[in-house]
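Work through the exercises below with the sequence and the model open side by side. Each task is followed by a solution in steps.

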Amino acid sequence: MSLPVTLEDVKAARERIAGHVHRTPVMTSRRLDARAGCRLFFKCETFQRVGAFKVRGGFSRLLLLTPEEKRRGVVAFSSGNHAQAVALAAKELGVSAVIVMPHDAPALKLAATRGYGAEVRLYDRAEESREKIAQEIVANEGRILVPPFDDVAVIAGQGTAGLELIEDVPDLDAVLTPLGGGGLLSGVAVAIKALRPSVRVFGVEPEAGDDFVRSLAAGHPVSIPVPETIADCLQTTKPGIHTFALVSALVENVITVSDLELRRALSFLFTAMKLVVEPGATAAFAGVLSGRVPRLTGKRVGVVLSGGNVDPEAFGRLVTGLGPDAV
């Protein structure tokens with residue numbers, strides 16, 4: 001079966017983005033190993049530029065712009081991490097960027113996107129379609145759309161995180177990533193399964209944002225309302241065409257976790273490893289702790305922590321009041 005993104009695409013993306021992104025560390029914790037009942041290897045995209053993996057896909061796509069496309073500028077839509085990624089890539093490559101962001105996007109992400117020099121246009125995610133707004137900007141201003149996940153260059157860029165992980169820890173038994181639109185999971189799955197076909201790959205999405213679970217059950221992409229969850233980076237409403245195809249072909253299963261489970265994972269990571277992770281970025285770890293992924297006991301498990309962009313005040317609220325069993 002022909003898939004839209006291959007290992008060769010991921011390797012080409014790595015060559016393209018070299019010098020623009022960090023090779024992030026893989027960290028471990030005996031305390032969390034004991035809690036999870038398996039050996040955990042955390043791929044810490046919290047230490048990536050812009051604080052999230054999205055910069056990999058952003059640079060991967062913008063570096064393919066032709067000179068004429070660069071003159072036209074780009075437009076993207078995002079609740080925050082893709083916004084920052086495109087804004088930074090555009091700034092460094094000398095490209096004008098307009099970013100469509102929701103009014104309720106975290107203040108930290110709004111400020112960072114503007115700080116990178118992008119023009120931010122706000123919308124009401126409950127009443128307006130960000131895709132429609134972006135398409136109108138394309139039609140009226142001639143800008144090039146840089147999708148947050150359903151783009152082969154973006155997916156290939158995100159896959160470089162998986163390439164690094166399997167190079168650093170080649171004897172993994174399973175890999176889990178957070179799952180929103182599917183760009184990260186798709187790209188990581190392409191890299192992992194091509195190099196180590198025996199490795200089991202899983203995606204983890206919020207209970208309230210279970211569009212992939214529903215879509216896989218239906219056999220085609222299914223839309224859901226904007227999910228109400230603390231995982232703002234995973235508030236997607238429908239899988240992409242490319243990401244759905246890749247997840248369907250390469251991923252063993254997708255599970256869901258509750259907001260409470262995300263908060264507990266957040267607290268564990270902070271207490272045991274002193275890592276500040278945003279709520280949605282803890283989804284893979286929360287999935288391990290949930291016990292919903294079978295046959296992980298005693299195994300070597302890669303866990304992608306996809307970003308760390310969380311307001312300090314919000315982080316404090318999320319990790320407090322969890323009760324004596326939280327950590």
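**Exercise 1. Find how many residues line the largest pocket and which lie nearest its centre.**

Step 1. The lining of the largest pocket has 43 residues. On a 1 Å grid over the protein atoms alone, a pocket is an open set of points where a 1.4 Å probe fits, with protein on both sides within 12 Å along at least five of seven lines; lining residues have an atom within 4 Å of a point. This is a predicted model, in which local features need pLDDT of at least 70 and side-chain atom pairs count only at pLDDT 80 or more, while totals for chains, interfaces and linings use all residues. Residues are numbered from 1 along each chain as its sequence is written, and side-chain values use heavy atoms, with hydrogens and water left out.

Step 2. Nearest the centre of the largest pocket lie R130, P148, F149, Q235 and T236.

Step 3. Two or more lining residues come from each of α5 (81–93), α7 (130–141) and α9 (183–195). Helices are DSSP runs of H or I with at least four residues, strands are runs of E with at least two, and both are numbered from the N terminus. The largest contribution is that of α7, with four residues.

Step 4. By type, the lining holds 17 nonpolar, 17 polar and nine charged residues. Here Ala, Val, Leu, Ile, Met, Phe, Trp, Tyr, Cys and Pro count as nonpolar, Asp, Glu, Lys and Arg as charged, and the others, Gly among them, as polar.

Step 5. The volume of the largest pocket is about 700 Å³, taken as the space filled by probe spheres set on grid points joined across faces, edges and corners.

**Exercise 2. Describe the second largest pocket.**

Step 1. Its volume is about 230 Å³.

Step 2. It is lined by 14 residues, and P106, I230, D232, P279 and A314 are the closest to its centre.

Step 3. The lining divides into six nonpolar, three polar and five charged residues.

**Exercise 3. Give the strand order of the open sheet and its edge strands.**

Step 1. The order is β5-β4-β3-β6, with parallel pairing; two strands pair if DSSP finds at least two bridges between them.

Step 2. β5 (119–123) and β6 (144–145) each pair on one side only, as edge strands.

Step 3. β3 (residues 74–77) is joined to β6 by two bridges, and V75 stands opposite L145 in β6.
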